[in-house]
Each structure stands twice: as structure tokens, then as C-alpha cells.
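Work through these exercises with the model open beside you. Try each task before you read its solution.

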Amino acid sequence: MEEIIRLCLGEITKSGKDESLAREILSAILESKGSRLDYLTIAERIGVSHITVKDYLNVLERGRLIYVLHAWDVSKKAHAIGRQKKIIFQNPFASYITS
């Protein structure tokens with residue numbers, strides 16, 4: 001288990017990101033319990049900019065820890081930019097990373 005956690009956190013470190021901030025972002029996502037979120041909501045919860053949150057979520061998504069489902073605008077047949085997103089954990093051990 002510890003080895004899997006180290007692999008996941010290694011992706012964050014390789015990207016030059018702060019491991020503790022990544023843990024805070026993951027904790028905020030876990031606390032949402034599957035509700036839709038936006039970058040600003042997470043940023044306000046942990047006290048960073050929404051741009052930082054977006055950057056970290058991109059790193060976490062590239063590392064296959066999470067998957068960000070963007071809202072879809074049916075009438076425009078495109079992603080609804082700025083609307084809340086659903087963030088899904090791809091790795092079943094992601095909750096252990098935050099502890």
C-alpha cells in the first residue's frame with residue numbers, strides 16, 4: 001500500500017509541485033463526496049488561487065489519480081467552460097494519499 005502511495009505522490013513531485021498542497025486539494029475533493037466542484041470552490045477551501053488548483057488538477061489527471069468530467073452544454077454541443085466539474089478518483093487508493 002505504501003508503495004502505491006509513493007508512486008502516486010512521485011508523479012506530483014516529478015512535476016515540481018508541492019506534495020502537501022496536492023494532498024489538500026485531494027482532501028477537498030474527498031470532502032465533496034462526489035458533488036460537483038469548480039476550481040474556485042476548491043481554491044477558497046484551501047486558500048490558493050483557482051489557477052493553482054487547475055494546474056494541480058491537470059497534474060493529478062495526467063498522473064491518472066483523478067479524472068475531471070467537464071459539464072456539457074447540450075445546446076452548444078460543447079463543454080460548458082466555467083461550470084462545475086465532477087472529479088472522479090481513478091485510483092482506489094487515492095483516499096490513503098490524503099492521510
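**Exercise 1. Helix H2**

What should the 13 residues of H2 span at 1.5 Å a residue, and how far apart are its end C-alpha atoms?

*Solution.* Start with the source. This is a predicted model, in which local features need pLDDT of at least 70 and side-chain atom pairs count only at pLDDT 80 or more, while totals for chains, interfaces and linings use all residues. Residues are numbered from 1 along each chain as its sequence is written, and side-chain values use heavy atoms, with hydrogens and water left out.

Next, the terms. Helices (H or I, at least four residues) and strands (E, at least two) are DSSP runs, numbered from the N terminus. The expected span of a helix is 1.5 Å times one less than its number of residues.

Now apply the rule. The 13 residues of H2 should span 18 Å. The end C-alpha atoms of H2 are 18 Å apart, so the two values agree. After H2 comes Lys33, with a positive phi near 55°.

**Exercise 2. The chain as a whole**

List the elements in order from the N terminus.

*Solution.* Count first: the protein chain has five helices and four strands. Then read along: the order is α-α-α-α-β-β-β-β-α. Of the 99 residues, 35% are buried (under 20% relative accessible area; exposed is over 50%, partly exposed in between; 1.4 Å probe, protein chains only). Finally, take the contacts (heavy atoms within 4.5 Å) with a separation of 6 or more: 53% of them join residues 24 or more positions apart.

**Exercise 3. The core**

*Solution.* A nonpolar core is a set of buried Ala, Val, Leu, Ile, Met, Phe, Trp, Tyr and Cys residues joined through side-chain atoms within 4.5 Å. The largest one has 22 residues. Helix H1 (2–14), helix H2 (19–31), helix H3 (39–46), H4 and strand S1 (66–69) each give two or more residues to this core. H2 gives the largest share, six residues.

Now zoom in. Ile25 is among the residues with the most contacts inside the core. Beyond four places in sequence, Ile25 touches Ile42, Ile46, Val53, Tyr56, Leu57 and Leu60. The buried residues of H2 include Ile25, Leu26 and Ile29.
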